[in-house]
Amino acid sequence: MLVFILRRLLATIPVLILVAVVVFAILRLSPGDPAAIMAGDAATAEHIQQIRQVMGLDQPLIKQFFLWTGRLLQGDFGTSLMSGVPVSQLIGQRMEPSLSVAVLTLLFTLIVAIPLGILAAWKQGRLLDRMVMGFSVLGFSVPVFVTGYLLIWVFALELDWFKVQGYTPLSSGFWPFLHRLILPSLALSTIYVALIARITRTSVIEVMGEDFIRTARAKGLGETGVLLGHALRNAAVPIATIIGVGIALLISGVVVTESVFNIPGLGRLVVEAVLARDYPVIQGLTLFFAFVYVFINLIVDCAYTLFDPRIRY
């Protein structure tokens with residue numbers, strides 16, 4: 001197992017290097033000049049050139065890249081061009097809202113999706129199964145921002161149960177903190193409920209046709225015991241795998257959700273950095289998200305090889 005983990009860790013290095021090269025190239029070759037943005041509309045060409053020299057943007061691209069990667073190896077993600085704050089500090093400041101939304105979304109997803117998938121498999125071909133599959137199609141089809149605006153319209157504007165936008169930190173109290181996160185987490189969880197419910201249904205249906213399920217029924221075990229004690233346990237590996245992939249995909253969903261609900265998290269920071277063409281922040285966030293994605297997939301792979309006896313490493 002240790003050898004497998006080491007191999008997977010080594011395999012992540014080329015991935016992160018490739019991400020760094022692609023992000024650096026795209027940002028530098030795209031139109032727009034961050035020095036001109038910082039200088040303002042009334043700035044002269046000499047003033048813009050001075051800013052470019054201070055920021056190092058007048059250097060050749062290769063030199064800029066190696067200077068940036070050299071700082072990365074020292075744990076320095078750079079400094080924001082707009083605020084002058086280190087990128088690592090900005091990430092730390094924005095971590096709580098994004099992590100809170102992601103955790104609550106995951107809880108909503110697991111509480112709803114797995115029971116729905118089990119019930120759909122149990123009632124295969126019946127009305128309940130069709131309803132769950134219809135919800136899955138709808139969940140995949142409707143974008144997160146549309147779901148978010150619908151929730152805001154119904155529960156915030158019409159019913160006045162929730163605030164329209166914003167975020168309350170956990171230090172201000174648990175209920176105000178939770179109250180602000182319910183709508184964004186519900187909006188973000190829709191697509192993941194649809195995904196995990198469908199995978200759970202498919203996995204349980206496959207297991208329900210195995211011989212040990214028929215043996216359990218022949219011994220007089222009730223349907224609940226068959227579903228939970230035998231079918232779900234043996235169908236858990238693909239379900240756990242897709243949950244891990246879903247956690248990694250939350251990264252893209254958080255960007256949209258935080259923009260809709262005006263939550264000052266990492267997703268909102270991405271939007272602000274892109275609009276301001278803040279190269280260090282965009283690069284640092286992209287590498288951070290890539291590391292999180294790779295790390296979660298590493299955990300999923302290790303769990304898969306650990307619990308599936310058919311895998312040898």
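This is a short tour of the model, stop by stop, with what to select and what you'll find there.

Before you click, note that the model is predicted: local features need pLDDT of at least 70, side-chain atom pairs count only at pLDDT 80 or more, and totals for chains, interfaces and linings use all residues. Residues are numbered from 1 along each chain as its sequence is written, and side-chain values use heavy atoms, with hydrogens and water left out.

**Stop 1: Phe-135**

Select Phe-135, which lies in helix α6, residues 127-141. (Buried is under 20% relative accessible area, exposed is over 50%, and partly exposed is in between, using a 1.4 Å probe and protein chains only.)

Now show what surrounds Phe-135. Leaving aside neighbours within four places in sequence, Phe-135 is in contact with Thr-190, Val-193 and Ala-194, where contact means heavy atoms within 4.5 Å.

**Stop 2**

(A salt bridge is a side-chain nitrogen of Lys or Arg within 4 Å of a carboxyl oxygen of Asp or Glu.) Asp-129 lies in helix α6 and Arg-201 in helix α8, so the pair ties together parts that are 72 residues apart in sequence. Both Asp-129 and Arg-201 are buried.

**Stop 3: a salt-bridge network**

How many salt bridges are there? The count comes to 3. Next, select Arg-94, Arg-268 and Glu-272, which are linked in a network of salt bridges.

Start with Glu-272 and Arg-94, whose closest N and O atoms are 3.0 Å apart. Glu-272 lies in helix α12 (residues 266-276) and Arg-94 in helix α5 (residues 87-122), so this pair ties together parts that are 178 residues apart in sequence. Arg-94 counts as buried at 16% relative accessibility, while Glu-272 is partly exposed at 33%.

Being 4 residues apart in helix α12, Arg-268 and Glu-272 are separated by about one helical turn. Arg-268 counts as partly exposed, at 24% relative accessibility.

**Stop 4: aromatic rings**

The structure holds 5 aromatic pairs. (Rings of Phe, Tyr and Trp, the last by its six-membered ring, pair if their centres lie within 6.5 Å; planes under 30 degrees apart are stacked, over 60 edge-to-face, and the rest tilted.)

Select Tyr-167, Phe-174 and Phe-177, which form one aromatic cluster. Tyr-167 and Phe-177 have ring centres 6.2 Å apart and planes at 80 degrees, so that pair is edge-to-face. Tyr-167 sits in the loop between α7 (144-158) and α8 (174-208), and Phe-177 is in helix α8, 10 residues apart. Tyr-167 is buried at 16% relative accessible area, and Phe-177 is also buried, at 10%.

Phe-174 and Phe-177 have ring centres 6.3 Å apart and planes at 45 degrees, so this pair is tilted. They are 3 residues apart in helix α8, about one helical turn. Phe-174 counts as exposed, at 54% relative accessibility.

**Stop 5: a charge over a ring**

Go to Trp-122 and Lys-123. The charged end of Lys-123 sits over the Trp-122 ring, 4.1 Å from its centre. (That requires NZ of Lys or CZ of Arg within 6 Å of the ring centre and within 35 degrees of the ring normal.)

**Stop 6: the largest pocket**

Finish with Leu-16, Ile-17, Leu-72, Leu-73 and Leu-287: of the 13 residues lining the largest pocket, these lie nearest its centre. (On a 1 Å grid over the protein atoms alone, a pocket is an open set of points where a 1.4 Å probe fits, with protein on both sides within 12 Å along at least five of seven lines; lining residues have an atom within 4 Å of a point.) Its volume is about 450 Å³, meaning the space filled by probe spheres set on the points, which are joined across faces, edges and corners.

Colour α1 (2-29), α4 (61-73) and α13 (279-307), as each supplies at least two residues of the lining. Which helix gives the most? That's α1, with 5 residues.
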